[in-house]
Amino acid sequence: MSAEADFRSDPRRALLALYDEALPVVYGYFARRCGDAAEDLTSETFLAAMDAARKRDAPAISVPWLLGVARHKLADHYRRRAARPTVPVAELPEPGGDATADDWDAELDRMIAEAVLARLAEPHRTVLVLRYMDDCSVPECAELIGRTVHATEALLVRARRAFRQQYPEGGTS
């Protein structure tokens with residue numbers, strides 16, 4: 001059996017062979033979204049991938065598959081964080097500065113958007129993150145989630161509608 005065939009037949013070896021290529025992709029995915037937890041979530045992703053690779057009916061290991069695992073880990077992270085909402089007093093803006101108020105407003109908008117994303121159904125959250133956070137085109141999103149372009153466009157319409165309905169003061173337009 002050739003080494004290439006061995007990688008295809010053994011998901012554990014495939015994951016190890018893919019590790020050097022996939023690590024910066026997975027870490028970069030988390031670093032752009034939650035820099036403070038990127039290392040931990042990257043580790044969780046690869047541990048979950050290794051657990052999956054050990055199963056009898058292991059999936060085909062690839063970078064897009066690992067990014068799917070990463071999306072689930074990020075959603076879990078958002079859920080855990082939403083379950084314990086706290087804003088340390090030290091991070092509150094100082095009164096008087098317009099730039100500080102603008103920064104604070106942007107940070108609040110980001111926090112609210114993340115909380116809304118965490119409450120969405122997984123397909124809606126996935127397609128919105130790919131399209132608007134990862135800047136993937138609709139055809140790229142379709143390929144990553146395993147849908148046709150037309151089905152992905154329809155999913156995006158439903159996902160945007162669901163997001164607007166749950167976003168404070170944003171559900172009426």
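T42 lies within helix α3, which covers residues 38-54. The structure is a predicted model, and its chain has an average pLDDT of 78.

**Residue T42**
- T42 counts as buried because its relative accessibility is 5%, and buried means under 20%.
- Leaving aside residues up to four places away in sequence, T42 is in contact with L23, V26, Y27 and F30.

**Helix α6**
- Helix α6 is formed by residues 122-133, 12 residues in total.
- From first C-alpha to last, helix α6 reaches 15 Å, which is close to the 16 Å expected at 1.5 Å a residue.
- Just after α6, D135 adopts a positive phi of about 55°.

**Confidence of the prediction**
- A pLDDT of at least 70 is reached by 79% of the residues.
- Helix α8 (residues 149-166) has the highest mean pLDDT among the elements of the chain, at 93.
- The lowest mean pLDDT among these elements, 48, belongs to helix α1 (residues 3-9).
- Over residues 1-7 the pLDDT stays under 50, and the model gives this stretch 6 contacts beyond four places in sequence.
- Residues 85-90 also have a pLDDT below 50, with 3 contacts in the model beyond near neighbours in sequence.

Key. Residues are numbered from 1 along each chain as its sequence is written. This is a predicted model: local features need pLDDT of at least 70, side-chain atom pairs count only at pLDDT 80 or more; totals for chains, interfaces and linings use all residues. Side-chain values use heavy atoms; hydrogens and water are left out. Helices (H or I, at least four residues) and strands (E, at least two) are DSSP runs, numbered from the N terminus. The expected span of a helix is 1.5 Å times one less than its number of residues. Buried means under 20% relative accessible area, exposed over 50%, partly exposed in between (1.4 Å probe, protein chains only). Contact means heavy atoms within 4.5 Å. pLDDT is the predictor's confidence in each residue, from 0 to 100.
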